[in-house]
Amino acid sequence: MNTRHVAIIGCGAIHTCHVDALRHVPGVVLRAIVDSDSAKGSQLAANYGCHFYQDYREMLLDDAIDVVHICTPHYLHKPMILAALAAGKQVFCEKPVVMSPQEVIEIQAAAERHQRRVGICYQNRLNPTSLAIERCIADGTLGHLRAIKAVLTWSRSGDYYAASPWRGSFATEGGSLLINQAIHTLDLMQWFGEGVKSLKGVVDSTLLADEIETEDSAMVTLRFNNGARGLFYASNCHISDSPLLLELEFEQGMLRLTDNVLWQVCGDERTQLASDAAPDGIGKSYWGIGHRLAILHFYQALNDPVSADYCDITEAAKSLQMVNAIYQSSLLRKWVNID
């Protein structure tokens, strides 16, 4: 196996998950990091034993670098992905891949033109609870899936947005609650429902109305392709980050994810099926070890394209379509079909 040399662009909080994950991938070496803050980046590069670049375009001139990880603000994803693909690099990017379905088409065309892969970090699909739900649906253990309900209540203060001015703006974040915090939950819902047929939603800014131009709360009703109905509520106005509450109702019982534990409920019987607790305590509780698995799957796909099993740009586009449709539905105040 040839060694793959990797560069990470962006040294915010999430980049440590990538650094940790790369240490668990055989045949991979962190060669460089990139950040606009030269003092911070230089210190981190010394800690990691790798090169530092302040300009990602200079890093892309390094022919030894095979793969680029992008951990930057949303509005920088598109130009960085396109530049990396043009330089012949494989790309692994934090969500959302870009900020609109139209930009997805540009990335897809570039990846095909340069014959390179673009992997997107939808790590929650690889949580033990998510995989257990997917198996239950596939096996038909509880019969046909009838409904999916998700409630996500987190806390984001004005200070959170003030500390990173790119957040809270449609031009640079592409939205807020939906495209940043809730997009993982939307992705899980459409994954379990085999895609979304149509939806009607409302977004608004309440407590953060004076801080951001984007939304801090959302409510959506969904129709899934497998015939199930969906209800979704999310807000960044809670006092703390509560674990996701997710319920899937079947003909013969229910699956309930609460406090990061998945329960099967059939009448009075309640059975624990899986837990998302991180075994080594690394990362935030709602990240778990999904980053390790998502990144490992991407590199396995690079080594064995035939058995590729990772979230590619086509899969990542589905939740982005949902976000776009919710904004559109809220504006038009009517149902929107997902094509």
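Trainee: Leaving aside its neighbours within four places in sequence, which residues is Glu 247 in contact with?

Mentor: In this predicted model, and with neighbours within four places in sequence left aside, Glu 247 is in contact with Ala 147, Ile 148, Lys 149, Met 254, Leu 255 and Arg 256.

Trainee: Is Glu 247 buried or exposed, and what does its side chain join in a polar contact?

Mentor: Glu 247 counts as buried because its relative accessibility is 11%, and the cut-off for that word is under 20% relative accessible area. The side chain of Glu 247 is joined to that of Arg 256 by a polar contact of 2.9 Å, and Arg 256 is also among the residues in the contact list of Glu 247.

Trainee: How should I read a pair of aromatic rings, and how many aromatic pairs are there?

Mentor: The general idea is that two values describe a pair of aromatic rings, namely the distance of the centres and the angle of the planes. The count here comes to six aromatic pairs. One of them is formed by Phe 92 and Phe 298, a tilted pair with 5.3 Å centre to centre and 50 degrees between the planes. Phe 92 lies in strand 5 (residues 90–94) and Phe 298 in helix 10 (residues 290–303), so this pair ties together parts that are 206 residues apart in sequence.

Trainee: Are Phe 92 and Phe 298 buried or exposed, and which cluster do ring pairs link them into?

Mentor: Phe 92 is buried, with a relative accessible area of 1%, and Phe 298 is buried as well, with a value of 0%. The rings of Phe 298 and Tyr 310 have their centres 5.5 Å apart and their planes at 75 degrees, so this pair is edge-to-face. Because Phe 298 lies in helix 10 and Tyr 310 in the loop between helix 10 and helix 11 (313–332), the pair ties together parts that are 12 residues apart in sequence. Tyr 310 is buried, as is Phe 298. Ring pairs link Phe 92, Phe 298, Tyr 299 and Tyr 310 into a cluster.

Trainee: Where does the charged end of Arg 156 sit, and over the face of which residue does Arg 223 lie?

Mentor: The charged end of Arg 156 sits over the ring of Tyr 160, 5.1 Å from the ring centre, whereas Arg 223 lies over the face of Trp 335, at 3.8 Å from the centre of that ring.

Trainee: How many helices and strands does the chain have, and what is its radius of gyration?

Mentor: The chain has 11 helices and 15 strands. Its radius of gyration is 20 Å, close to the 20 Å that the globule rule gives for 339 residues, so the chain is as compact as a globular protein of that length. Buried residues make up 54% of the 339 residues, and, of the contacts with a separation of 6 or more, 68% are between residues 24 or more positions apart.

Technical notes
Residues numbered from 1 in each chain as written. Predicted model: local features only at pLDDT ≥ 70, side-chain atom pairs only at ≥ 80, totals over all residues. Heavy atoms only, no water. Buried < 20%, exposed > 50% of the residue type's maximum accessible area, 1.4 Å probe, protein only. Polar contact = N/O pair within 3.5 Å; in protein donor to acceptor, adjacent residues only side chain to side chain. Contact = heavy atoms within 4.5 Å. Phe/Tyr/Trp six-rings, centres within 6.5 Å; stacked < 30°, edge-to-face > 60°. Helix = DSSP H or I, 4+ residues; strand = E, 2+ residues; numbered from the N terminus. Lys NZ or Arg CZ within 6 Å of the ring centre and 35° of its normal. Rg over C-alpha atoms; globule rule 2.2 N^0.38 Å.
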